[in-house]
Amino acid sequence: GMTLAIPNVIAQGCSDAGVCTIDVFKPSVKAGPATYRNTLEGGLSVGAADYGITAFGGSLGYSHDFSDVWSIDSKFTFLSQSGNDISVMGPGDLFVNLNYDLSETFTVSAGTKIPFTQADKEYDGLPLPMDYQSSLGTLDVLAGIRFNPQHWQWALAAQVPVKQNNNQFFPGLYPPGSGLDSIQTTNAFKRKSDVLLHVSRTFDLNEKLTFTPGLMPIYHLGEDEYTDIDGVRKKITGSDGLTLNATLYADIKTGDHGKLQFSLGFPVIVRDARPDGLTRSFVFATGYSYLF
């Protein structure tokens, strides 16, 4: 999945459950001197989702450096989706993670994704599929390590759901031809964990402008499950395995305190089944960071 780079908004991009949009795991270009200990950021993203749905996302973030080695990041997301004569919007998640610098180039991070919804939103009295939910609705634990030698960044991270959502979508509730009658059932959805690697390289065009292309494989560790209309648990065939995303970030420094970021992410390889509603054929994001 892509994440919005600047505020990490390419959030929920190419099957990104959130971990790729976290600052510590994104390619980062420091905007100001190390004496600044606080960062405020905001971002917007647009993505083309499955089933003719367009997704607009946004985020607000705050980061604080407690010392030379300890820092905390937080981010609040929201999402709107429209398509098939349905338009919905709502709050997404709160991400909070604690980072520790083991050295100049190694950082470890651990945190959580706290949902503002249980992915149980309805429309005209009918449960909506995951594609119209503003969050996965899962409570997740996130952890990872980042290695950033000169010009390069390697980030390895995992996202593990510890509490599942309350989605109740059945396609049979919708009339044929509605666009929703062919979407995978996600009633009592049980989502498996993800592991991702993001490898990127930074190119400084001048003192203000930086380009960072990257590759981000995401591996979904098992087949997601649902409960069918008869109350039987079933696995979703093909929902496990590899998604490979290509990413591109452009960072523009605006004075001593600010940074503009633009990012683009799109999948090169996708899983056969992507029932979580996170699929994007592309995600374009922009954001602004202010350091003080």
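Q: How many salt bridges does the structure hold?
A: The structure holds 12 salt bridges. This is a predicted model: local features need pLDDT of at least 70, side-chain atom pairs count only at pLDDT 80 or more, and totals for chains, interfaces and linings use all residues. Residues are numbered from 1 along each chain as its sequence is written, and side-chain values use heavy atoms, with hydrogens and water left out.

Q: What makes Asp276 and Arg191 a salt bridge?
A: The term needs a side-chain nitrogen of Lys or Arg within 4 Å of a carboxyl oxygen of Asp or Glu. In the pair Asp276 and Arg191, the closest N and O atoms are 2.8 Å apart. That is within 4 Å, so the pair counts.

Q: Why is the pair of Asp276 and Arg191 said to tie together parts of the chain?
A: Asp276 sits in the loop between strand 16 and strand 17, and Arg191 in the loop between strand 9 and strand 10 (194–201), so the pair ties together parts 85 residues apart in sequence. Strands are DSSP runs of E (at least two residues), and helices are runs of H or I (at least four), numbered from the N terminus. Asp276 and Arg191 are both buried.

Q: How do you know that Lys192 and Glu225 form a salt bridge?
A: Their side chains meet at 3.2 Å, N to O. The value is within the limit, so the pair qualifies. Lys192 lies in the loop between strand 9 and strand 10 and Glu225 in strand 13 (residues 225–227), so this pair ties together parts 33 residues apart in sequence.

Q: Why is Lys192 called partly exposed?
A: Buried means under 20% relative accessible area, exposed over 50%, and partly exposed in between (1.4 Å probe, protein chains only). Lys192 has 23%, so it is partly exposed.

Q: Why does Glu225 count as buried?
A: Its relative accessible area is 12%. That is under the buried limit, so Glu225 is buried.

Q: What makes Asp251 and Lys259 a salt bridge?
A: The closest N and O atoms of Asp251 and Lys259 are 3.5 Å apart. This is again within the limit, so the term applies. Asp251 counts as buried at 1% relative accessibility, and Lys259 counts as buried at 9%.

Q: Which residues do salt bridges that share partners join into one network?
A: The network holds Arg191, Asp194, Arg271 and Asp276.

Q: How many aromatic pairs does a search of the whole structure find?
A: The search finds 8 aromatic pairs. Rings of Phe, Tyr and Trp (its six-membered ring) pair if their centres lie within 6.5 Å; planes under 30 degrees apart count as stacked, over 60 as edge-to-face and the rest as tilted.

Q: Why is the pair of Trp152 and Trp154 called stacked?
A: The ring centres of Trp152 and Trp154 are 6.5 Å apart and their planes stand at 25°, so the pair is stacked. Trp152 is partly exposed at 38% relative accessibility. Trp154 is partly exposed at 39%.

Q: What makes Phe262 and Phe284 a stacked pair?
A: The values are 6.4 Å centre to centre and 20° between the planes. Phe262 is partly exposed at 30%, and Phe284 is partly exposed at 36%.

Q: Which residues make the nonpolar surface patch of about 840 Å²?
A: Tyr219, Leu221, Leu242, Leu248, Leu264, Phe266, Val268, Ile269, Phe282 and Phe284 make the patch. Strand 15 (241–254), strand 16 (258–269) and strand 17 (280–291) each give two or more residues. Strand 16 gives the most, with 4 residues.

Q: What makes up the largest nonpolar core?
A: It has 12 residues, among them Val19, Phe25, Phe95, Leu142 and Met216. Strand 9 (152–163) and strand 12 (209–220) give two or more residues each. Another core, of 10 residues, lies apart from it and includes Ile53, Phe169, Leu180 and Ile183. A core is a set of buried Ala, Val, Leu, Ile, Met, Phe, Trp, Tyr and Cys residues joined through side-chain atoms within 4.5 Å.

Definitions and conventions. Patch = residues over 30% accessible without salt bridge, like charges linked within 9 Å, V, L, I, M, F, W, Y side chains within 5 Å. Areas by Shrake-Rupley, 256 points an atom, 1.4 Å probe, with all protein chains shown as cover.
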